Amino acid sequence: MGRTVPQRLHRPVPYQELDHTADAGVIVRGSSKEETLARLVLAYADLVSGGGKVLGATELTVDVEPADLAAMAVDVLRELLFQFETEKWIPESCEVLIFAPELGARVVVGAGPYDEAAHSEGLRLKAVTLHEARFESDASGFVAQVVFDV
């Protein structure tokens with residue numbers, strides 16, 4: 001199996017919202033595990049921004065320890081939620097450089113600042129949970145699901 005060449009994805013990306021009582025969740029699909037993780041990051045960005053435009057102002061690099069794909073995806077999103085809570089950064093683009101259970105993950109995110117006027121419809125997420133998290137291959141590539149506490 002060949003190595004996937006990193007590709008930077010930008011919002012918006014297709015995703016499905018989960019109907020989940022008192023929580024929010026998303027399902028994304030991609031042709032590779034890297035594309036699927038990038039779409040997951042950008043779906044998270046749509047939730048916190050309410051779909052409002054984000055103007056890229058900085059780049060964040062997120063590194064996570066080796067684990068299974070679902071746990072690493074949750075860890076990437078937890079770090080991005082921490083960046084939102086502490087610095088008010090919202091992703092607008094994402095490039096996955098490494099995403100392998102034996103190596104961990106390295107993700108480069110173009111991010112912009114939260115803007116009350118543009119992002120007031122966004123959800124206030126409290127946590128990214130492992131509950132119902134999945135990241136697996138399917139007939140068309142990969143599918144990932146994550147649930148957030150609101």
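**Contacts, rings and charges in a predicted model**

L42 touches L9, H10, R11, V13, P91, E92, S93 and C94, leaving aside residues up to four places away in sequence, where contact means heavy atoms within 4.5 Å. This is a predicted model, in which local features need pLDDT of at least 70 and side-chain atom pairs count only at pLDDT 80 or more, while totals for chains, interfaces and linings use all residues. Residues are numbered from 1 along each chain as its sequence is written, and side-chain values use heavy atoms, with hydrogens and water left out.

L42 belongs to helix 1 (residues 33-49); helices (H or I, at least four residues) and strands (E, at least two) are DSSP runs, numbered from the N terminus. With a relative accessible area of 0%, L42 is buried, a word that here means under 20% relative accessible area, with exposed meaning over 50% and partly exposed lying in between (1.4 Å probe, protein chains only). The C-alpha atoms of L42 and H10 are 7.3 Å apart, although 32 residues separate the two along the chain.

One of the contacts of L42, R11, also meets D46 in a salt bridge of 2.5 Å, N to O, a salt bridge being a side-chain nitrogen of Lys or Arg within 4 Å of a carboxyl oxygen of Asp or Glu. This pair links distant parts of the chain, with R11 in the loop between strand 1 and strand 2 (16-18) and D46 in helix 1, 35 residues apart, and both residues are buried.

Another salt bridge joins R8 and E59, whose closest N and O atoms are 3.0 Å apart. Here R8 lies in strand 1 (residues 8-10) and E59 in strand 4 (residues 58-64), 51 residues apart. R8 is partly exposed at 26% relative accessible area, whereas E59, at 51%, counts as exposed.

Turning to the rings, the whole structure holds four aromatic pairs, which are rings of Phe, Tyr and Trp (its six-membered ring) with centres within 6.5 Å, counted as stacked when the planes are under 30 degrees apart, edge-to-face when over 60, and tilted otherwise. Among them, F84 and Y114 are edge-to-face, with 5.7 Å from centre to centre and 80 degrees between the planes. Because F84 lies in helix 2 (residues 69-87) and Y114 in the loop between strand 6 (104-113) and helix 3 (116-119), the pair ties together parts that are 30 residues apart in sequence. F84 is buried at 6% relative accessible area, and Y114 is buried at 19%.
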